[in-house]
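Visitor: I would like to go through this model with you, one question at a time.

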Amino acid sequence: MTASVFGQPVTRREDGDLLRGKGRFVDDISLPGMLEAAFVRSPFAHATIRGIDKTAALALPGVHAVYTLQDFMPHLVTERLVVGLPSKSYKQDRNRPVLANDETVHVGEAVAIVVADNRYIAEDAAALVEVDYEALPAASDCREALAAEAPLVHRNAPHNLLAEFAMAYGDVDAAFANAPHVFRESLFQHRGGSHSIECRGAVAAHDAVEDRLTLWSSTQMPHAAQRLLCDLLGRDENRVRVVAPDLGGGFGPKLIFYPEDAAVALAALLLARPVKWIEDRREHFVATTQERDQYWEVEIAVDGDARILGIRGDLIHDHGAYTARGVNLPHNSAETVPLQYEVPNYRMNIRVALTNKVPVTPVRGAGHPQGTFVMERLLDRVARELKLDRAEVRRRNLIPAASMPYTTKLKARGGLPVVLDSGDYPACQDDALTRAGWHDFAARQQAARAAGRYLGIGLANYCKGTGRGPFESATVRVAPSGKVHVYSGAVAMGQGTRTMLAQVVAEQFGGALDNVTVTLGDSAAIAMGIGGSNSRQSVLAGSSAHLAAITVRKKVLKIAAHLLEAPEAELEFVGDSVRVRNSADRFVTLGEIARSVAGTAGYSLPPDVTPGLEASEHLVIDDMAHANGTVVAEVEVDIETGAVKILKFTGVHDCGRIINPLLVEGQILGGTAHGLGNALFEWMGYDENAQPVTTNYGEYLLMTATEMPHIDNFYRETPSPLNPLGVKGVGECGVVPVTAAIASAIEDALSPFGVIIAHAPIFPARLAAMIAQARGVKFGAAATDGAG
Amino acid sequence: MTTETRSIAVTVNGMRHEREVEVRLTLADLLRHRLGLTGTHIGCEHGVCGACTVLCNGQSVRACLMLAVQADGKEVSTVEGLAPDAQHLHPLQQAFSSHHGLQCGFCTPGILMTLVEFLRENPAPTEAEVRVALSGNLCRCTGYQGIVAAALDAAQRMRAAGQA
């Protein structure tokens, strides 16, 4: 009767409501008396604000308020959103204000909030707010921003260097001095926005009866948002509740607390009416954080057998105008470069540049795709120069399974050494090559070329730290109703987190999935929580829920044994009951067990048990569970148009023990699609004055079903020793190796022309121009891709 | 900044609604905020993402690009009308769950309505045809693979059941 649900491809409990149109997203919330907000946003990348005239806006019928920072100041403990992750590398503090005051530093920065009867009127009124701007010079390109004569991003700043640090170990210069081969690459990479199909949004309401402010926000981190609201408003924690309703995708930027969250909450308090703000897509382009540009100057030193002696270089990272998260992105990128390879000496100097653009924070992959691109490009270069098979160069340098766990000389952002916990990287690569037809590709390529077609194959390995600690909370409680309730600080953004946690917990209660409820994303439901980021929730929330469920299960069995007068060993879970094995009529329901320890005044509890049927866990795991994988891309390049067609894309991924194969495959597929968009299409463009030039989906291209190839994924399951489930995160894995593999494949396809791929994304027009140049033929229009 | 209003009568999922609406009110906002049918989602408000796709007199339209007054006298079908009852799902909905064709579910209603129209016109599509039919709908979560599989599976089930 007892069924195992851990590891099974059970369909999701989330699906029913979502498929019926009964999801509860933030814009689906409608409260009595609710008003709607729109924001006045800066049209300048950099400007002094000399004054704000609200008269005309306030005169419009239906407008309730127009608030600027000055209006909010009396109600704020601090005007800055202090959110940056700690680092000793900062040269200046650039926390965001709740609203811009006398200076605006990027197009789209919120200057005022307008609240009206509905959004139509609010937007009308926002257009009537007269802001007196005096334009200032803007810094757009992150390399130029670091030059001595560059326009200052913040007019009172000494320079545009936000942070500077090095990631280094060994004696890299000595390694280079004696190296038989040294190769240098100048690489540019751009990643765009997250583009969850649901934009951001917030609804705030003050409950006067309980004196409690509730903010429903499309946030990946409600507990952090609650803390920030308490800090900003000077309110006690029990007077502020933050709830993440259904999220229409997260992908990183929704982990940030935004000025709009604070402004909507303040407006609701000041007006004593619920206030809703829903971001539109144009705002998403100019006000939601994004990833953007990295410029790398890197060198690799290898011996005569292509074994790596050292890697060194410089990275300039575009930070945007404010610190909305920290220096974790370039840190991740630099950490990723050598991660799964034996690199005895390493130094990456990192400069983080302020620019007059939207703040940069993690998007799915969080800097790892860029680091992977750099390393894999270097290894392809080595293979080309030394006339070796690209896979063979990697095989010689991958950390072997026998070395696991492998303590690298890298330091994680909190200072701990980076330890690769498990995995067989060379075997994974071999597996992928075989499944992708790597070994017989040369014949396919030759046949195609004879027919005038240019096919190429490329590969990339990745390794990704997942499950960033220190913990995630989980409480498991059996209620008098007989339901097993699970609460966690984890947040569901669409991954199926509720289904995953239900599987983990139900496994301890006979596999009765329908008897388990899961509550996530509510600061009032559980005291502590970190939330959704860093591919962390299965690892940390899953592990805590697992341990809590075991504790509750033990107690259930102990009480049931007492109530049924039978040994625990003879008991089994059936549905919502515990019964004596092979005795259909000797059972007790979970509800009865819960009631027996819920307490009745004047009556004793069963012997040797404490009150209640619940357990909470915050399992602390500081080290990260490292997932890994290899992908192989086979492409065809049209040498006239530069169009790249993906003929075959094969992945072998090792994300530890799999809780639900359906969900793991979904995560990998989604990440792969995101990676293909990054490789070929997505560009968040700005002109030289830092004006955004891609602010709709005609200009910013997302993957559609016709561009997306069928993906063949295979899985290895090397359990992580770091957590009791043996799992590794998977949410970001798919995206990490894609751009690197596509670049490798395109370069291979174009090897007759010697075209080298050093920039991503790889646009058709740019590629066609490069091919034309290599062939010595004329090409009409040069590509524009901001790569300079 | 018009406040001109007009009386309209729109039938949504078989139920007739009469409302006095501002002429600038979009069909999407009528459905979501005046009729409480929040299953139709708004993702881009410029007609690209397809999340707001509904059927108007049987033809798919972008509810963000159509005004409520333009739906006057018309029959609109939304995702809320797809399942036959609270216990059962439409074959497309069932296939989406079986094939993990949705993750966050935000784009899903528009994709379902797009496919309802498509499978009616092409009950036995190829994978390539399904992909073309989906090319006006953006999904950031799934990479489309589960959606394509779900559409093909649903088409086959609907043919078998004589629903197409």
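Visitor: How far apart are the mean positions of the positive and negative charges of chain B?

Guide: This is a predicted model, in which local features need pLDDT of at least 70 and side-chain atom pairs count only at pLDDT 80 or more, while totals for chains, interfaces and linings use all residues. Residues are numbered from 1 along each chain as its sequence is written, and side-chain values use heavy atoms, without hydrogens and water. Lys and Arg count as positive and Asp and Glu as negative, with His and the chain ends not counted, and each charge is placed at NZ of Lys, CZ of Arg, CG of Asp or CD of Glu. For the 13 positive and 15 negative charges of chain B, the mean positions lie 3 Å apart.

Visitor: What share of the residues of chain B counts as buried?

Guide: Buried means under 20% relative accessible area, with a 1.4 Å probe and protein chains only. Among the 164 residues of chain B, the buried share is 60%.

Visitor: Which strand of chain A runs parallel to β29(A)?

Guide: Strands are DSSP runs of E with at least two residues, numbered from the N terminus, and two of them pair if DSSP finds at least two bridges between them. Strand β28 (residues 625–637) of chain A is joined to β29(A) by ten bridges and runs antiparallel to it. Six bridges join β29(A) to its parallel partner, residues 711–716 of chain A, which is strand β30.

Terms used:
Chains are lettered from A and ligands numbered from 1 in the order in which they are written. Buried means under 20% relative accessible area, exposed over 50%, partly exposed in between (1.4 Å probe, protein chains only). Helices (H or I, at least four residues) and strands (E, at least two) are DSSP runs, numbered from the N terminus.
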